[in-house]
Amino acid sequence: MPISRKWVILIPVIAGIAALMALKKSSNPPVQEARLEQARLVRVISAPRITVIPTAKGHGTVRPSRTWEAVAQVKGKIVEKHPALQKGAILDAGSLILRIDPTDYELAIAQAEADIQATRAQLDELDAKATNTEASLKIEQAALALNRKELERKRQLVGKGGISRSDLESQERSLLAQQQSVQTQINTLNLFPSQKALLEAQLERHRASLATARRSLANTEIRLPFTSRIAEVNAEQGQYVREGEMLVAADDLDKAEIEIQIPINQMSHLMHASRAIDVLNLNPAEAMQQIGLSATATLQETGLSASWQARLARLSDTLDPKTRTVGVIVEVDKPYANVLPGSRPPLVKGLFVQVTLAGKPRPDSLVVPRSALHADRLYVVDEQQRLDIREVKVGMLQPGFATIESGLKPAERVVISDLVPAIQGMLLNPVQDQATEQQLVRSARGEMTP
C-alpha cells in the first residue's frame, strides 16, 4: 500500500484520540444529588373505643320442636277418617282424625257392668245372710242359756230323788246339741268376712275390666293433641289395624327448633354471666337472663329474605371432637305467623337458615379490623409518619373485628393495607379510610353482617 494512503487513515484516528483526551482533562465531574426516602402509601383507621356486641353465626335446618305419632292402641277396622287428613294439611288441636270400630269395646263395657251388678247383688245377699245368722245366733244362745238352767235344776232334783238319772242324761244331751247349734252359727258368721273379701276382690276385678274397656273405647278415637301439620298418613277408611301400628305423624306448629354448631372459643365470648350457674338445678329462664344471649334466624334465598326472633333453648349434650364445636339449639315461637306470600314464607321444616347469636354488650372496647392483625402485632403509624410494629394483647376475636386489651391507645392510626415488606421505622404516607372505619363500628355494634 502506498505511504500516502496510510496517513490518510491514521490522521483522523489520531485526531479523535487527541480530542477525547483534551475533553477529559477539561471536563468537571457530574454533580450527585442526595437520595430522598420514598414514603409508602397506606390506608389507616383511627382505632375506636366503643360498646361491642359479641356475635357468632351458624347454619342449621329447621325442625319442629315437637312431633307426634298416632300409634294404634287397640285393634279393629277404621270406620271414620277426617276428610282433610292428608300429608301437609294443617288441622286444629282436638280434631278427630281417625275412629276405630268401637263395637267390641262397647260390648266389653256392657259385660263388665253386668259382672259388677251381679257381684254387688252377691255382696248384698251375703250381708243379709250375715244379719240373719246373727239373729239366729242370738236365739240359739238364749236357748242354750235355758238348757243350762234346766240342767242345773234337774241335777238338784236328782240328788233329792225327784227325777230319774235318765232324765238328767237326756237334758245333758239336749244341752250339748244346743251348744253345737250355737257353734254352727258362730262358724257361719266367721266365714262371712272371707266370703265378703272374695266378692269385693271380684268386684274390683270387674271394675278394672270396666276401666280397661272404657279406656280401649276411648282409644278408638284418635285426636290431635295440638295444632299440627300432617307429616305422614298410613291409614285409610275400612283398613284393619293392629295394636302398635303407626297411623299418622304430625308436627307441632307452635314452636320450631334450629340446631347450629358454634366453635368453643366463640361460645366462651358469648356466654358471659355475672355469677356462677348451677347447671344441675338450672332454671332456663333465669339462666338465659343472666347470660343475656339473644338469637335471630335469617333466611336468604333468591327473591326471599326473612328473619325471625329466636331464643336459646339449650345446648347439645355432646361436643364434636373433630370440629371442636358445641351444638346450640334455638327456638322460634309461632313459625307460621306473619306470612307474606311471595316475600316472607313460614319457617317450615327443612329450611336451611342462618342463626346469629348475640351476647351481652361490652362497653369501652378498643376494636380493630381482624385483617389488621398480624399474629399478635399491629402496624401503627407514629407521630413522625413512620411504621411502628406494635406487640398487642388480643382480647376477643370475631369474624370481622378484634378487641385489643393492651398495647394500643384509642384513636391511634392502625394500618389496614397489605404492607410487604413491613420494616420497623419505614416512612409511610397514611390515608384515612373513613368507609372501613364506619363499617368496623357498625360491625362491632352488631348493626350489620361483617
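**Note on a predicted model**

1. Five bridges join β4 to strand β11 (residues 246-252), and the two run antiparallel. Two strands count as paired if DSSP finds at least two bridges between them. Strands here are DSSP runs (E, at least two residues), and helices are runs too (H or I, at least four), numbered from the N terminus. Thr-67 stands opposite Asp-251 in β11.

2. This model is predicted: local features need pLDDT of at least 70, side-chain atom pairs count only at pLDDT 80 or more, and totals for chains, interfaces and linings use all residues. Residues are numbered from 1 along each chain as its sequence is written, and side-chain values use heavy atoms, without hydrogens and water.

3. Now the sheet around β4. Four strands form an open sheet, in the order β4-β11-β9-β6, with antiparallel pairing. Its edge strands are β4 (67-71) and β6 (90-91), as each pairs on one side only. Strands of a sheet pair through backbone hydrogen bonds.

4. Helix α6 (residues 434-444) has Glu-437, Leu-440, Val-441, Ser-443 and Ala-444 as its buried residues. Buried means under 20% relative accessible area (1.4 Å probe, protein chains only). Seen down the axis of α6, these fall within an arc of 165°, so they line one face of the helix. The arc is taken from the directions from the helix axis to the C-beta atoms. Their cover includes β1 (40-46) and β17 (362-369).

5. Ala-112 lies in helix α2 (residues 103-160). Ala-112 is buried, at a relative accessible area of 3%. Ala-112 touches His-206, Ser-209 and Leu-210, leaving out residues up to four places away in sequence. Contact means heavy atoms within 4.5 Å.

Notes: Buried means under 20% relative accessible area, exposed over 50%, partly exposed in between (1.4 Å probe, protein chains only).
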